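Hi everyone, thanks for making time this morning. I'd like to walk you through one protein model, going from a few single residues out to the whole chain. Please have a look at it first.

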Amino acid sequence: MTGGRNFPASAAIREVGPRDGFQNEPETIATADKVALIDRLARTGIARIEVTSFVRAAVIPQLADAREVLTAIDVPAGVARSVLIPNERGLDNALELRERYEEVGVFLSASEEHNRRNVNRSVDESLAELERVIGRAREAGLRVEAIISTSFGCPYEGVVARARVLAIARRLADAGAAEIAFGDTTGMANPVQVRAHFEAAAAALGGNVQLTAHFHNTRGQGLANVLAALEAGCASFESSFGELGGCPVPAGATGNIASEDLVSMLHEMGIETGIDLDALLGAARAAQTVLGRPLGSHTLVAGPVDWEPRG
């Protein structure tokens, strides 16, 4: 029940576990296991999946098999495959398999220190290269999502001015990004801040780009922040099955909000996602088996809400 609030009737969810989740695991997951999990996710009703990244193997060895994964996955028609591109070299490598995906993601941080620690560049240096990447990707017929990390706060610099974040977003949109995702990279956001942010982003960017929320559950506020974003009119979210993921820098930046927790909450609120929650839970259980440890999502532990009366 939505309680009469003016929430969107439906919400879009982009699954990022196969990239954002797998890259943060301490061990390397076998390529065959990755492929099986992606194929399973692609049959849950999820419409968009970030499957891998073309980052240097020395930087993120867990994703060194990007080519093999892209070649082997069997994703049904209508499910958009996305790859993360760190720079022009990554785009060069990805374009060799252009027919295997429909979307690319590019990323940078809104704060200087996090950006330097993450990609060893200033924000201006990252923006200049990403503008070239976006242009080339669009020429190749690819849809581009731009992710702005530390949009709600930086563990090194503290407050990140909203005007700075929105100025970066405007520059990425002007370069041709069809979607801007604002990342709460280390779980510093709170619901009041989130609602104000998405209201300001909608006013600043208009209807020209899709606005997406990417929350981490580092401090347990992920779903509360989803609710605040919904109240501000945001209806696009990124999440990771099993609550996999985190941020390579700094230590302690734990996982994304769990896709199954997000879907469960939205469905209970009467907001459609097109996703089969039971099938999604099955994918998360399969990931538990592959990883050999329990995963953190609440719905995986408790199961979906059961409204059937008990005698």
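Let's start with Ile 29, which sits in the loop between helix H1 (17–21) and helix H2 (31–41). When I say helix or strand, I mean a DSSP run, numbered from the N terminus: H or I with at least four residues for helices, E with at least two for strands. Before going further, a word on where this comes from: the model is predicted, so local features need pLDDT of at least 70, side-chain atom pairs count only at pLDDT 80 or more, and totals for chains, interfaces and linings use all residues. Residues are numbered from 1 along each chain as its sequence is written, and side-chain values use heavy atoms, with hydrogens and water left out.

Is Ile 29 buried or exposed? Ile 29 is buried, because its relative accessible area is 6%; buried means under 20%, exposed over 50%, and partly exposed in between, using a 1.4 Å probe and protein chains only. Beyond its neighbours within four places in sequence, Ile 29 is in contact (heavy atoms within 4.5 Å) with Phe 22, Lys 34, Asp 65, Val 290 and Leu 291. Leu 291 is 262 residues away along the chain, yet the two C-alpha atoms are separated by 7.8 Å.

Leu 291 belongs to helix H11 (residues 277–291), and so does Leu 281. With a relative accessible area of 1%, Leu 281 is buried. Not counting residues up to four places away in sequence, Leu 281 touches Glu 260, Thr 299, Leu 300 and Pro 304. From Leu 281 to Thr 299 it is 18 residues in sequence and 7.9 Å in space, C-alpha to C-alpha.

Glu 129 counts as buried, because its relative accessibility is 9%. Setting aside neighbours within four places, its contacts are Asn 87, Glu 88 and Arg 121. Glu 88 lies 41 residues away along the chain, with 7.1 Å between the C-alpha atoms.

Next, some backbone angles. Most residues other than glycine have a negative phi. Which values do we find at Asn 120 and Thr 150? Asn 120 has a positive phi near 60°, and Thr 150 has one of about 50°. Asn 120 is in the loop between helix H5 (112–119) and H6, and at 65% relative accessibility it counts as exposed. Thr 150 is in the loop between strand S5 (143–149) and helix H7 (162–175), and at 0% it counts as buried.

Cys 154 is buried at 1% relative accessibility, and Cys 234 is buried at 5%.

Finally, let's zoom out. The protein has 12 helices and eight strands, and its C-alpha trace spans about 65 × 45 × 35 Å along the principal axes. Of the 311 residues, 56% are buried. Among contacts with a separation of 6 or more, 73% are between residues 24 or more positions apart.

That's my tour, and I'm happy to take questions!
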